[in-house]
Amino acid sequence: AWMLIEPLIADRDPARIVETREIVQAMSLFPIADRYLRSRLWWRRARALRALGLIQATDHTPQLVAALDDPHPDVRAAALDGLTDMHDLTALEAIVVRVHETSLHRGRRGAALKVFGSACEPLLLELSERDPANRLNYIHALAICGTARSRRVLCDWTRDTRLEVRATAFEALGYVGLDDDSARVAIEGLESDDPSVRAM
């Protein structure tokens, strides 16, 4: 089964993914994946999660979301990779709320946000209003998937009391892009007392 699915790591052609999923279905391989998901051996759970994500078996999305809380870090990483490959919007909230989850590799978290793109933005902005303590992580996330919708909030955050938040908000504006108002904010930032803020 893995020999059949593994080529999808390098070849994400949608037609090939569909064909592979149909072959997996015809060979009755899904019961094996279900059995592996319940295995006490972490590497079996991880392999099943990766395989289900690669073939975009969206009927298994709840199992992949649940595995984000698995006790083993490699299984959690495989679940996030699987959800990234699956690109199922029903998993979006579960991915976004884990933007602060340090047990998940930062690059993997960023890759997931990048795949879902601007669909993450409204939820990130909503959560950031309720959770100002983690504002820095929200800024990093918006630098990956933010659009013009984030400009006003990022401009507000350039006046945060925390130096790192101010500097990172300017950096994120560089990715989101400037309009007239945010350009004025950036020009004002050039007068900051702190060199890191001026640089950003």
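Modeller: Contact here means heavy atoms within 4.5 Å. This is a predicted model, in which local features need pLDDT of at least 70, side-chain atom pairs count only at pLDDT 80 or more, and totals for chains, interfaces and linings use all residues. Residues are numbered from 1 along each chain as its sequence is written, and side-chain values use heavy atoms, with hydrogens and water left out.

Colleague: Which residues is Ser182 in contact with, leaving aside its neighbours within four places in sequence?

Modeller: With those neighbours set aside, Ser182 is in contact with Arg151, Cys155, Leu173 and Gly177.

Colleague: Why is Ser182 called buried?

Modeller: Buried means under 20% relative accessible area, exposed over 50% and partly exposed in between, with a 1.4 Å probe and protein chains only; the relative accessible area of Ser182 is 0%, so Ser182 is buried.

Colleague: What makes Ala77 count as buried?

Modeller: The relative accessibility of Ala77 is 8%, and therefore Ala77 counts as buried. Beyond its neighbours within four places in sequence, Ala77 is in contact with Leu104 and Arg108.

Colleague: Why are H6 and H8 called roughly parallel to each other?

Modeller: Angles under 35 degrees count as roughly parallel, over 145 as roughly antiparallel, 65 to 115 as roughly perpendicular and the rest as oblique. Helix H6 (residues 73-86) and helix H8 (residues 106-116) pack at an angle of about 15 degrees, their axes being 9 Å apart, and H6 and H8 are therefore roughly parallel. Helices are DSSP runs (H or I, at least four residues), numbered from the N terminus, while axes are lines fitted to C-alpha atoms, for helices over the stretch in contact, with angles running from 0 to 180 degrees between N-to-C directions.

Definitions and conventions
Helix = DSSP H or I, 4+ residues; strand = E, 2+ residues; numbered from the N terminus.
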